[in-house]
Amino acid sequence: MKSGFFEKGSSDEMNASNHLALGRIYSSTHRYDLAFEHFSAALDLDSSLSEALYYRGICYWRMGDFQLALTDFMLAADLGWNLKDVRNFTSYVRFKMGDYLGAIADLDQLFESSSISLRELLFTKKELDILKNNTSRIH
């Protein structure tokens, strides 16, 4: 049965889909704290929701918790979320964490597995230059 915008269950509690929808709404308005709560609630109800993991990863990233963002992105990929989206974020998160070799490895996988333009990357030109300069010193 439906009641207004959100589906209601027999206990009048929101289901995973409703939490996912609210999380996306809050995320689109940059309320990552509230979005995070709803993505987490969706995952509490259905731990196989790759979409909730992916978007919660974005919340973690936006809130500055790069390690947890990376974990959620990798779990989302394991559950079948779009690898192009995941690799774009994991490469950027690894860069922000100072893991330049990991960022390059993710970028390599991204370019090998999908057609993506440089404009679609999360990196700015300056950040790509930093990545290039730092990895050339490592090799």
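## Arg-24 and its partner

Arg-24 is partly exposed, with a relative accessible area of 39% (buried means under 20%, exposed over 50%, and partly exposed in between, with a 1.4 Å probe and protein chains only). Arg-24 forms a salt bridge with Glu-51, their closest N and O atoms lying 2.7 Å apart (a side-chain nitrogen of Lys or Arg within 4 Å of a carboxyl oxygen of Asp or Glu). This pair links distant parts of the chain, 27 residues apart: Arg-24 lies in helix H1 (residues 16–28) and Glu-51 in helix H3. Glu-51 is partly exposed, at 22%.

## Basis of the model

The model is predicted, with local features requiring pLDDT of at least 70 and side-chain atom pairs pLDDT 80 or more, whereas totals for chains, interfaces and linings use all residues. Residues are numbered from 1 along each chain as its sequence is written, and side-chain values use heavy atoms, without hydrogens or water.

## Other salt bridges

The whole structure contains 9 salt bridges. One of them joins Asp-33 to Arg-31 at 3.3 Å, N to O; Asp-33 is partly exposed at 36%, and Arg-31 is partly exposed at 39%.

Asp-99 pairs with Arg-94 in a salt bridge, with the closest N and O atoms 3.8 Å apart. Salt bridges with shared partners connect Arg-87, Arg-94, Asp-99 and Asp-106 in one network. Arg-94 is buried, with a relative accessible area of 17%, whereas Asp-99 is partly exposed at 31%.

## Contact of H3 with H5

Tyr-54, Ile-58 and Trp-61 in H3 meet Asp-85, Val-86, Phe-89, Tyr-92 and Val-93 in H5 (contact means heavy atoms within 4.5 Å).

Definitions and conventions. Helices (H or I, at least four residues) and strands (E, at least two) are DSSP runs, numbered from the N terminus.
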